[in-house]
Amino acid sequence: MVSTHLQREATKINPAIEVPGTRSLPLEPEPATETGTHAKPKSIPRQSPPQGTRWWVQLIVLAALGVAGYLGWPYVAPYVMPYLTHSTVTAKSGGPRTVPVLTAKTHRGSIDLYLNGLGSVVGFNTVTVRSRVEGELVKVLFAEGQMVQKGDLLAEIDTRPFEVQLKQAEGQLIKDEAALHIAQLDLDRYNALKASRSVTQQQIDAQVALVRQSEGAIEADQAQIDNAQLQLTYCHITAPVTGRVGLRIVDPGNIVRANEPTGLVMITQLQPIAVVFTIPQDEISRVQQQIKAGKELVVEAYDREFRTKLATGKLLALDNQVDVTTGTVKIKAIFQNDDNMLFPNQFVNARLLVDTEHDVVLAPASAVQRGPESMFVYVVKPDSTVELRRVEIGATEAGETVIAQGLQPGESVVTDGVDKLQPGSKVAPREAAK
């Protein structure tokens with residue numbers, strides 16, 4: 001302890017004194033003053049270590065930057081990678097790289113223009129079969145889901161009550177006919193005695209009225225007979241239209257009533273059948289022009305996924321007003337439906353053929369790109385380099401686009417790999433499968 005204290009005191013008095021057992025630092029030369037005397041040497045300040053951020057805070061910041069870069073890279077990569085890749089490959093190989101692309105040739109042809117709309121299938125005729133008379137249902141002669149023809153017998157109601165009414169009306173007719181016969185004979189006798197003034201004119205007029213009354217009774221009896229026969233006919237329920245029978249609602253043994261709301265069964269006509277779909281109100285003029293020109297517009301029905309064509313029909317009618325809530329108008333098309341591919345209340349995608357453009361230049365829709373100023377395509381030149389060419393397009397249908405200006409038939413355009421190209425890029429073209 002004493003020796004250490006002495007060393008500290010000696011160092012304070014003269015820093016140049018080297019104390020045994022200690023390390024001395026070289027001293028800077030003393031700067032000369034104006035008077036030639038040596039100034040007191042300045043002590044070297046002891047620098048403390050920098051006050052840095054704690055290590056765990058730095059670790060969190062680095063982790064946050066890494067996560068932000070990882071999440072943001074997919075959005076930046078499509079714009080940065082082509083330039084980075086091009087620069088890297090160029091720097092390594094000493095020239096532009098060859099980009100593999102898919103190409104297709106433009107051609108001249110015709111294109112059909114369609115209007116698409118979501119619709120549903122409706123039965124051309126849908127009938128709920130009801131009984132016109134009241135009675136016990138004794139027979140059901142159809143199977144559920146069966147196809148029936150117009151006039152086929154579907155069910156029978158107990159006819160005995162109506163047969164009794166018929167016999168009663170026929171008996172009354174016989175009675176009234178006998179009364180008419182007697183009244184007619186008396187009238188003939190009165191007319192024979194009229195010349196001898198044996199009967200008065202009043203008796204003759206009364207007899208004439210009696211004959212007329214009997215004739216009226218006979219007419220009423222005949223009406224009762226006809227009504228009873230009609231009721232008997234109504235006991236045999238037949239199909240009013242040709243179509244498919246639905247699920248039956250009542251079974252034999254039930255008492256049915258006339259014009260019951262639920263009815264006995266429902267029949268839907270399937271051949272022909274209708275599809276109701278909508279189109280935007282802005283397209284009404286195009287459809288009206290074709291109808292006014294007398295053209296028969298073709299309508300195609302597809303499934304909900306737009307993959308399978310179910311049937312082909314024709315336009316039947318246009319609705320008389322636009323739905324103000326949706327801005328669309330309803331269109332009804334008719335289909336023969338010979339193969340029963342269309343089913344009532346089925347949702348379908350309808351395509352209405354409104355026009356066909358002939359002798360136009362067509363290119364794949366995937367080749368047309370949208371730029372900041374105009375549409376453009378990459379055209380492959382004979383030296384396997386690409387040229388950016390501005391184009392004017394028309395309608396697009398079924399993956400093909402009408403090129404109004406900018407391309408000629410037979411030119412090869414890039415359909416896949418456009419994001420890796422720039423004007424003058426070297427490409428390895430490969431024809432895309434049609």
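Tutor: Let us begin with a hairpin, which joins β16 to β17 through 4 residues. Helices (H or I, at least four residues) and strands (E, at least two) are DSSP runs, numbered from the N terminus. The model is predicted, so local features need pLDDT of at least 70 and side-chain atom pairs count only at pLDDT 80 or more, while totals for chains, interfaces and linings use all residues. Residues are numbered from 1 along each chain as its sequence is written, and side-chain values use heavy atoms, with hydrogens and water left out.

Student: In which sense do β16 and β17 pair?

Tutor: Two strands pair if DSSP finds at least two bridges between them. Strand β16 (residues 369-370) meets β17 in the antiparallel sense over 2 bridges, and R370 has M375 as its bridge partner in β17.

Student: Which strand do 6 bridges join to β17?

Tutor: That strand is β18 (residues 386-397), which runs antiparallel to β17. Here V377 stands opposite R389. The hairpin of β17 and β18 has 5 residues between the strands, and S384 takes a positive phi near 65° there.

Student: How many residues of β17 are buried?

Tutor: Buried means under 20% relative accessible area, exposed over 50%, and partly exposed in between (1.4 Å probe, protein chains only). In β17 (residues 375-380), 6 of the 6 residues are buried, so the strand is largely enclosed by the rest of the structure. M375, V377 and V379 point one way, F376, Y378 and V380 the other way.

Student: How is the span of helix α3 checked against its number of residues?

Tutor: The expected span is 1.5 Å times one less than the number of residues. For the 34 residues of α3 (residues 160-193) this gives 50 Å, and the end C-alpha atoms are 50 Å apart, which agrees.

Student: Against which element do the buried residues of α3 pack?

Tutor: They pack against α4 (201-234), and among them are F162, L166, A169 and L173. An α-helix has 3.6 residues a turn, so residues three or four places apart point the same way.

Student: At what angle do the axes of α3 and α4 cross?

Tutor: Axes are lines fitted to C-alpha atoms, for helices over the stretch in contact (heavy atoms within 4.5 Å), and angles run from 0 to 180 degrees between N-to-C directions. The axes of α3 and α4 come within 8 Å and cross at roughly 160°. Angles under 35 degrees count as roughly parallel, over 145 as roughly antiparallel, 65 to 115 as roughly perpendicular and the rest as oblique; α3 and α4 are therefore roughly antiparallel.
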